[in-house]
Amino acid sequence: MRAPGPPPQRAPANGPSGGSATAPAGVPASAPARQGENGGRRTAGERETGRPGAPERSRHPRPPLPSAPPQPPPPTGEPIVAPRRAASVPGPADLAGPPTFRLRPITAERRRPPVRTLLAVACLVLGTGLLGGVGTGIWFTGDADAEPAAEADFDTSRELWHNVPVDTLFPREITGKGAGPGGADRAWTRVAVAPDSTCRNAFDPLLGKALRAVGCERLIRATYADETSSSVTTVGVVFTEADEEGMRKLRERFADEKLSERGDLMPRTYPGRGTVSADFGDAQRASWTLGVLTEAPAVVYAVTGFADGRTVSDPQPAAEATAKDQTSAAAQAGLGHDAKSLADRIESGLREQLPGADTEDK
C-alpha cells in the first residue's frame, strides 16, 4: 500500500470552460488543493458540489422551497387607480377593520342652515304657540266669564219693578197703529196703577198653582181704557224667583199644555176707584193673553172687558178672538186686540230695560 503523498495541485478554473491558466507574475499561486481523505479520491459530496471536503447529500430529497410571491408589475409612469366604490356610509365591519381606517367616500355635504334661520324658526314656533295659548285662554275664559255675567244680568232684571220708573214700565198713553180689528189704529190711556204687591189672591187658584213653580218676587199692575172709554184692560207683570232654566221650563209647559188658553187660568182684573174701570171685575173678563219670558224672570199678561160692567158668559183667549170670522162679543168689540196689543207693548218696553239692551232702543 502506498503511503499517501501530497495531493496533486489543481489549477484554478478560468471561466466557464474550466481550462487552466498560469497565475500572472507577481501574484503568488493559489494554495494547493486539499487532499481528499480517501487517498486522493473525491467523495460523493465532492463530486456533487465540486468542493473538496463537502459532505454527501442526504438521499431523502428536501421539500421544495415556497415560491416567492408575485411581484407587482414595474412602474409605467402612471399611478394605479383602484376602482371607484359607490358612496355609502361605512358599516360596523368597516369601523372594526384594520388599524388604519379607510377614509369615508366623499359625498355631497349637507349645508347646515345658518344660526339666524334656526333662531327665527324657533321664535316663530314659540310665538305661534303663545298666541294660540292666549287665544284659547281668552276663549275659555270668555266663556267662563260670560256665564256668570249672564246670570248677573238675569238677576238684575228681577229688580226692574222698583229700579225703573212706573211711567216707563206703564206709559201714561200708548198708541197702536193698525192694532185694532181690520188694521184700525188704537190708543189707550192709563187710568189706574196698583201698588206693587205679592201674588196672593192676584190670580185664579189654578193659574196661581201653575205659577207657583217659579215663585213670585213682585207683582205690578196698571189698567188702561181705550180712547172711547168703552173697554178697559188690566196689564200685569209678575217678577219671578226662578232662574233661566226655570223660566224655560215654565214656557215649555204653557206652550205644550196650552195653559194660556184655558178659561180657568184667566188672570184677574184691577179696577180703579173713581175711574171708568171701577166696575171691572171677574165677571166682566172677556178676553186675555199671557206670555212667559225666558230672557228675564217675568210673566206678562193682559185681561180686558167692557167698561160699562156688563157680564161676559163666553170669554175667549186673545189668540182666538183676533182670528178671522169670529162672532163672539169679545171678537166683535175688538177686546182680543186690546189685550194682545197692550200686552205686546208693555213686554216690548220691559225688554228695552233689560241689562245689555241696546240703548238706542230705549
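Hi everyone, let's start inside: the lining of the largest cavity has six nonpolar residues, no polar ones and no charged ones. Here Ala, Val, Leu, Ile, Met, Phe, Trp, Tyr, Cys and Pro count as nonpolar, Asp, Glu, Lys and Arg as charged, and the others, Gly among them, as polar.

A word on the model: it is predicted, so local features need pLDDT of at least 70 and side-chain atom pairs pLDDT 80 or more, while totals for chains, interfaces and linings use all residues. Residues are numbered from 1 along each chain as its sequence is written, and side-chain values use heavy atoms, leaving out hydrogens and water.

Which residues line the largest cavity? They are Leu169, Phe170, Ile220, Val237, Ile346 and Leu350. A cavity is a set of points on a 1 Å grid over the protein atoms alone where a 1.4 Å probe fits but cannot get out, and lining residues have an atom within 4 Å of a point. The volume, about 30 Å³, is the space filled by probe spheres set on the points, which are joined across faces, edges and corners.

Now the sheet. Seven strands make an open, mixed sheet in the order β1-β2-β3-β4-β6-β5-β7. Its edge strands, β1 (173–176) and β7 (316–317), each pair on one side only. Strands (E, at least two residues) are DSSP runs numbered from the N terminus, as are helices (H or I, at least four), and two strands pair if DSSP finds at least two bridges between them. β1 runs antiparallel to β2 (residues 186–197), joined by four bridges. In β2, Arg186 is the bridge partner of Gly176.

Definitions and conventions. 1 Å grid on protein atoms, 1.4 Å probe; cavity = no way out; pocket = protein on both sides within 12 Å on 5 of 7 lines; lining within 4 Å.
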